[in-house]
Amino acid sequence: MTPEQNSSVREPRNYPEQPPVIPHSTEGYEVSVNANKCLSCHARTRVRESQAPMISITHFSDRDGQFLASISPRRYFCTQCHVPQHNVQIPVDNDFVDIDTVLKGAAPGRPR
Amino acid sequence: MTTTEVPKLSFWSRALSFAREIWAVLIRPSSIFSLGFLVLAGFVAGVIFWGAFNTALELTNTETFCISCHEMRSNVAEELKTTIHYNNRSGVRAHCPDCHVPHEWTHKIARKMQASKEVWGKLFGTINTREKFLDHRLELAIHEWARMKANDSLECRNCHSAQSMDTTRQSPRAVEAHQRFLFTGQKTCIDCHKGIAHHLPDMRNVPGWQ
């Protein structure tokens, strides 16, 4: 395995709903019932010291749409959606194009 | 039959009279050995005692000794194995005492004296099951955090010195954090780097954690 990408430079999302990928190494970060290392930088109260992006406000909502005081248990395990990146040679080509590219490809004058 | 019976002395009274004899010898100046011989013999005996003391001390300062107890072997030592301080690209390994025992003699002795409490814990089985260990993990961790906070993370700095850190070879995130908090002396290593060698206890109410 190649080392995790560790530039801390934020990657754009490929579609608006994509969970942002993690632009830094998370090796050895404990996320368990006892502790969440991610939150020690990304929690609301930790952002001043860490200058990291705060976890999305959507993560405070439980599945019934009730907003909680802090992160909802269903959002607690960060790496279920957010993943660190490795620079690898992909075995299968990916021909995904995002919506902006599709729209730009449309002929002028056609409906947007 | 009239024989004068010698009364049989008890063990303790014999021991007492023997101790008195020894004491009588000890408080009188020697009539056989010269002062020079006594000084030299005392010196040699001192060297032997000192060497033996430090050798024994060093024996208790090895990973083998630490994990000879199952409390350490099956809990904390097992957790260490997955971390970078045990397995890494350059093959340098930090053993238990590298982080948990000060390297300098005076502080080492102070720590070893504190550790007599751990012998007590071993004898009475304070953490002799996984469940008991987990119950005590927060308390044990708090002791270590407090110790490292008090000595400015001395055991970290035995290897990782701020002066030798080449920030151009660190990730931008690490540079930022070290420049703001480490180099200015605002924080010490253990303030941010908790749980790097063992699993964490319940971190609620620990400053900087959720």
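Biologist: Two residues are in contact if their C-beta atoms, placed from the backbone, lie within 7 Å. What share of the contacts in chain B with a separation of 6 or more comes from residues 24 or more positions apart?

Modeller: In chain B that share is 59%. For chain A, residues 24 or more positions apart account for 42% of the contacts with a separation of 6 or more. Please note that this is a predicted model, in which local features need pLDDT of at least 70 and side-chain atom pairs count only at pLDDT 80 or more, while totals for chains, interfaces and linings use all residues. Residues are numbered from 1 along each chain as its sequence is written, and chains are lettered from A and ligands numbered from 1 in the order in which they are written.

Biologist: What pLDDT does chain B average?

Modeller: The average for chain B is 92, and 97% of its residues score at least 70; pLDDT is the predictor's confidence in each residue, from 0 to 100. For the complex, the predictor gives an ipTM of 0.82 and a pTM of 0.82.

Biologist: How many helices and strands does chain B have?

Modeller: Chain B has eleven helices and zero strands, where helices (H or I, at least four residues) and strands (E, at least two) are DSSP runs numbered from the N terminus. Chain B is more spread out than a compact globule, because its radius of gyration is 27 Å, well over the 17 Å that the globule rule gives for 210 residues. That radius is taken over C-alpha atoms, and the rule is 2.2 Å times the number of residues to the power 0.38. Along the principal axes, the C-alpha atoms of chain B fill a box of roughly 100 × 45 × 30 Å.

Biologist: And what about chain A, how many helices and strands there?

Modeller: Chain A has three helices and zero strands. Its radius of gyration is 18 Å, whereas a compact globule of 112 residues would have one near 13 Å. The C-alpha trace of chain A spans about 55 × 40 × 25 Å along its principal axes.

Biologist: What percentage of chain B counts as buried?

Modeller: Of the 210 residues of chain B, 9% are buried. A residue is buried if 20 or more other C-beta atoms lie within 10 Å of its own, exposed if 12 or fewer, and partly exposed in between, with C-beta atoms placed from the backbone. In chain A, buried residues make up 12% of the 112 residues.

Biologist: Which residues form the largest nonpolar core?

Modeller: That core has six residues: A:C38, A:L39, A:C41, A:I55, A:I71 and A:C78. A nonpolar core is a set of buried Ala, Val, Leu, Ile, Met, Phe, Trp, Tyr and Cys residues joined through C-beta atoms within 7 Å. Leaving aside its neighbours within four places in sequence, A:L39 is in contact with A:I71 and B:Q210.

Biologist: How many residues of chain A are in contact with chain B?

Modeller: There are 13 residues of chain A in contact with 15 residues of chain B. On the chain A side, three are nonpolar, nine polar and one charged. Here Ala, Val, Leu, Ile, Met, Phe, Trp, Tyr, Cys and Pro count as nonpolar, Asp, Glu, Lys and Arg as charged, and the others, Gly among them, as polar.

Biologist: Changing topic: how far apart are the end C-alpha atoms of helix 2 of chain B?

Modeller: They are 36 Å apart, which agrees with the 36 Å that the 25 residues of helix 2 (residues 35–59) should span at 1.5 Å a residue. The expected span is 1.5 Å times one less than the number of residues. Helix 2 of chain B is hardly covered, as the count of buried residues in it is zero. Helix 1 of chain B (residues 11–26) reaches 22 Å from its first C-alpha to its last, close to the 22 Å expected for its 16 residues. The number buried among those 16 residues is zero, so helix 1 of chain B lies largely in the open.

Biologist: What lies in the loop between helix 1 and helix 2 of chain B?

Modeller: B:S31 lies in that loop, and B:S31 is exposed, with 5 other C-beta atoms within 10 Å.

Biologist: Where is B:D152 found?

Modeller: B:D152 is in the loop between helix 8 (130–150) and helix 9 (154–157) of chain B. Its phi is near 55°, a positive value in a residue other than glycine. Most residues other than glycine have a negative phi. B:D152 is exposed, with 12 other C-beta atoms within 10 Å.

Biologist: What is the phi of B:N205?

Modeller: B:N205 has a positive phi of about 70° although it is not a glycine. B:N205 is in the segment after helix 11 (189–192) of chain B, and with 8 C-beta neighbours inside 10 Å it counts as exposed.
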